[in-house]
Amino acid sequence: MEEILQKQLMHFQKETFQRDLLEWYRREKRDLPWRKDQDPYKVWVSEIMLQQTRVDTVIPFFNQFIEKFPTIEALAEADEEEVLKAWEGLGYYSRARNLHSAVKEVKETYGGKVPDDPKQLEKLKGIGPYTKGAILSIAYNLPEPAVDGNVMRVVSRILTIWEDIAKPKTRKIFESVIREIISKEHPSDFNQALMELGALVCTPTSPSCLLCPVREHCAAYHEGVEEELPVKTKTKANRQVQIAAAVLKKDDFYYIHKRSSQGLLANLWEFPNCETKRGNLSQKKQLEQFLQQEYGIESTIGDLAGTIQHVFSHLTWNISVFFGHVKNDTEMKELNKVTIDEMNQYAFPVSHQKIFSLYQEQS
């Protein structure tokens, strides 16, 4: 594979490709808030937010986050609850916790300056090969590869690379290719241009080849195989999980629970809930028993109020939502009683924000 690729690269018109790509990018690039300057901190925050999240979704979150934490020092000094609340709604909360941890290290170890040394940068929590390359190239204008899904798709078509991009080892191939073809004079614009091309033109399905500024350089276009690339094996089937959740109230208080510090949605707050199984007991009955056994509260649960589905990358929560009243909480454990004003200070995952919206609609 590498020998074939080297031969392709020998005949690849690198300088012309760079010129055509960069001219298009400077003419057509989107006006995004993290592009207003090359502040390494802002580039870092934007790249973490953009992982597994669409640009349009990220923009308002980025603006609010930077307004709240305008510098590394401001974020490093914030407590985790405050950071998670600012991240609320973006999902994949481990990103926020890793960013917060890494920013503290940058403040303590590097005097608040994001390292421009690859070895120092990759040691920071949550910074993998792509984020490292993005920060070094975009913020510091160093000719480092930043290989994400968009870039692999574009380059696989340009050079007809048939390696499976779902395999971790394939990334190394693309990193080697980028090192060969990156503009040494303008690496920041070059890497952003490849990402932009993948987002706007060289899309996963139905790529807009006739609008592509580099189609003359694209082997897949000339061979008519652009829709067959990149090669990507399917991931495992999404696991379906049935859950029953309760919005519980007594007087002016609501009952909420803090998730474990490890695993999915760590340290976020939620309404009491449990996984349910098919069998003799209804979801409502299983929920009532769970509340008694797990949290030591006696409650009256109403009929099913609605359902909410929340899809993760590897599983889907099918949540049956119930509303209830707490009769006795003298033996209560592991739940917090909060007013509605207090509840607004806590970070909830999107699924549980939807649960409370359903409650408010029906109250």
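Colleague: What makes helix 2 roughly perpendicular to helix 12?

Modeller: In this predicted model, helix 2 (residues 14–28) and helix 12 (residues 187–200) pack at an angle of about 75 degrees, their axes 9 Å apart. Angles of 65 to 115 degrees count as roughly perpendicular, so helix 2 is roughly perpendicular to helix 12.

Colleague: Which residues make the contact of helix 2 with helix 12?

Modeller: Helix 2 contributes Phe-17, Gln-18, Leu-21, Leu-22, Trp-24, Tyr-25 and Arg-26. From helix 12 come Asp-189, Phe-190, Gln-192, Ala-193, Leu-194, Glu-196 and Leu-197. By class, the contact has nine nonpolar, two polar and three charged residues.

Colleague: How do you know that the length of helix 7 is close to the one expected?

Modeller: Helix 7 (residues 94–110) has 17 residues and reaches 23 Å from its first C-alpha to its last. At 1.5 Å a residue, 24 Å is expected, and the value is close to that. Just after helix 7, Gly-111 has a positive phi of about 65 degrees.

Colleague: Which residues of helix 7 are called buried, and what covers them?

Modeller: Buried means under 20% relative accessible area. In helix 7 the buried residues are Arg-95, Ala-96, Arg-97, Leu-99, His-100, Ala-102, Val-103 and Val-106. Their cover includes helix 3 (40–50), helix 4 (55–68), helix 5 (72–77) and helix 6 (80–87).

Colleague: Which residues have the most contacts inside the largest nonpolar core?

Modeller: Trp-44 and Phe-65, in a core of 104 residues. Leaving aside neighbours within four places in sequence, Trp-44 is in contact with residues including Leu-99, Ala-102, Val-103 and Val-106.

Key: Residues are numbered from 1 along each chain as its sequence is written. This is a predicted model: local features need pLDDT of at least 70, side-chain atom pairs count only at pLDDT 80 or more; totals for chains, interfaces and linings use all residues. Side-chain values use heavy atoms; hydrogens and water are left out. A nonpolar core is a set of buried Ala, Val, Leu, Ile, Met, Phe, Trp, Tyr and Cys residues joined through side-chain atoms within 4.5 Å. Buried means under 20% relative accessible area, exposed over 50%, partly exposed in between (1.4 Å probe, protein chains only). Contact means heavy atoms within 4.5 Å. Axes are lines fitted to C-alpha atoms, for helices over the stretch in contact, and angles run from 0 to 180 degrees between N-to-C directions. Helices (H or I, at least four residues) and strands (E, at least two) are DSSP runs, numbered from the N terminus. Angles under 35 degrees count as roughly parallel, over 145 as roughly antiparallel, 65 to 115 as roughly perpendicular and the rest as oblique. Ala, Val, Leu, Ile, Met, Phe, Trp, Tyr, Cys and Pro count as nonpolar, Asp, Glu, Lys and Arg as charged, and the others, Gly among them, as polar. The expected span of a helix is 1.5 Å times one less than its number of residues.
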